[in-house]
Amino acid sequence: MLAGVIFKPTPLAGAFIVEPELKHDVRGLFARTWCREEFAAHGLNVALAQCNLSFTERHGTVRGLHYQDAPHQEAKLVRCVRGAMHDVILDLRPHSPTFRRQFAVELREGTYRMLYVPEGVAHGFQTLADGTEVAYQMSEFYRPDAQRGVRWDDPAFAIPWPEPVQLVSDRDRSFPDFDA
């Protein structure tokens, strides 16, 4: 019997924690991390335009919060393949029942847990370990002219980062306050 994918709704509309069903045998384990039919059955975007990888040397580093503006909005499937991260999503969809709400989950190597981030939802994370590596599947191609962001310390959202922030890129620091 093949392994399936388990979808756990989060408090944000359309966002899910995705866990592969692990099948163990004498060789180790097998898990399905993506299945177009299973994702579509949950009403999720099944387009796959590109896959990305980030590596962050220092724990306490914050990346994000990033999203792409319409018409290039992207859904993401995010997984921590090495190290650990505090993954944050922020609903920026004006007509969403969870507009301006946030959700966070810890992703770490060895758990195989993923986070599905729907279109119009900003995504960012703080590394909880040195040498954290993150893999992303994206539904849309990266478009520099559509790139947007919310500053990691925007007072409109007061995102509670679990550790003191050690490093943020100049670009991420330059995002304006959301309500500005």
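Predicted model: local features only at pLDDT ≥ 70, side-chain atom pairs only at ≥ 80, totals over all residues.
Reader: Which strand gives the most residues to the lining of the largest pocket?
Author: The largest pocket has a volume of about 410 Å³. Strands S5, S6, S11 and S12 and helix H2 each supply at least two residues of its lining. Seven residues come from the top contributor, strand S6.

Reader: Which residues lie nearest the centre of the largest pocket?
Author: The lining counts 23 residues. By class, they divide into seven nonpolar, 11 polar and five charged. Those nearest the centre are His-66, Lys-76, Tyr-136, Gln-147 and Arg-171.

Reader: How many cavities of 30 Å³ or more does the structure hold, and how much space lies in the largest cavity?
Author: The structure holds one cavity of 30 Å³ or more. Its lining includes Trp-34, Phe-39, Lys-76 and Tyr-116. The space in the largest cavity is about 60 Å³.

Reader: What is the make-up by class of the lining of the largest cavity?
Author: S7 and S12 each supply at least two residues of this lining. Among the lining residues are Leu-77, Gln-137, Met-138 and Ser-139. The classes come to eight nonpolar, three polar and one charged.

Reader: How many disulfides are there?
Author: A disulfide needs two cysteine sulfur atoms within 2.5 Å. The sulfur of Cys-51 has its closest cysteine sulfur in Cys-35, 16 Å away, so the pair is too far for a bond. The count comes to zero.

Reader: Is Cys-51 buried or exposed?
Author: Exposed means over 50% relative accessible area, and buried means under 20%. Cys-35, at 16%, counts as buried. Cys-51 has 55% relative accessibility, so Cys-51 counts as exposed.

Reader: Which elements give two or more residues to the largest nonpolar core?
Author: This core has 17 residues. Val-78, Met-85, Ile-89, Phe-103, Leu-107 and Leu-115 touch the most other members. The elements that give two or more residues are strands S7, S8, S9, S10, S11 and S12.

Reader: How many residues are in the other core?
Author: Nonpolar side chains tend to be buried together in soluble globular proteins. Another core lies apart from the largest one. Leu-65, Val-88, Trp-161 and Val-168 are among its members. Its size is 13 residues.

Reader: Which residues does Val-78 contact, leaving aside neighbours within four places in sequence?
Author: Val-78 is one of the core residues that touch the most other members. Met-85, Leu-107 and Leu-115 belong to that group too, and Val-78 is in contact with each of them.

Reader: How far apart in space are Tyr-67 and Tyr-142?
Author: Tyr-67 is found in strand S6. Tyr-67 is buried, because its relative accessible area is 18% and the limit is 20%. Beyond four places in sequence, Tyr-67 touches residues including Leu-92, Val-121, Gln-147 and Val-150. Tyr-142 is 75 residues away in sequence, yet the C-alpha to C-alpha distance is 9.9 Å.

Reader: Is Thr-10 buried or exposed?
Author: Thr-10 is found in the loop between strands S1 and S2. Beyond four places in sequence, Thr-10 touches Ala-15, Phe-16, Ile-17, Phe-103 and Leu-115. The relative accessible area of Thr-10 is 11%, so Thr-10 is buried.

Key. Residues numbered from 1 in each chain as written. Heavy atoms only, no water. 1 Å grid on protein atoms, 1.4 Å probe; cavity = no way out; pocket = protein on both sides within 12 Å on 5 of 7 lines; lining within 4 Å. Points joined across faces, edges and corners; volume = space filled by probe spheres on them. Helix = DSSP H or I, 4+ residues; strand = E, 2+ residues; numbered from the N terminus. Nonpolar A, V, L, I, M, F, W, Y, C, P; charged D, E, K, R; others polar. Buried < 20%, exposed > 50% of the residue type's maximum accessible area, 1.4 Å probe, protein only. Core = buried A, V, L, I, M, F, W, Y, C linked by side-chain atoms within 4.5 Å. Contact = heavy atoms within 4.5 Å.
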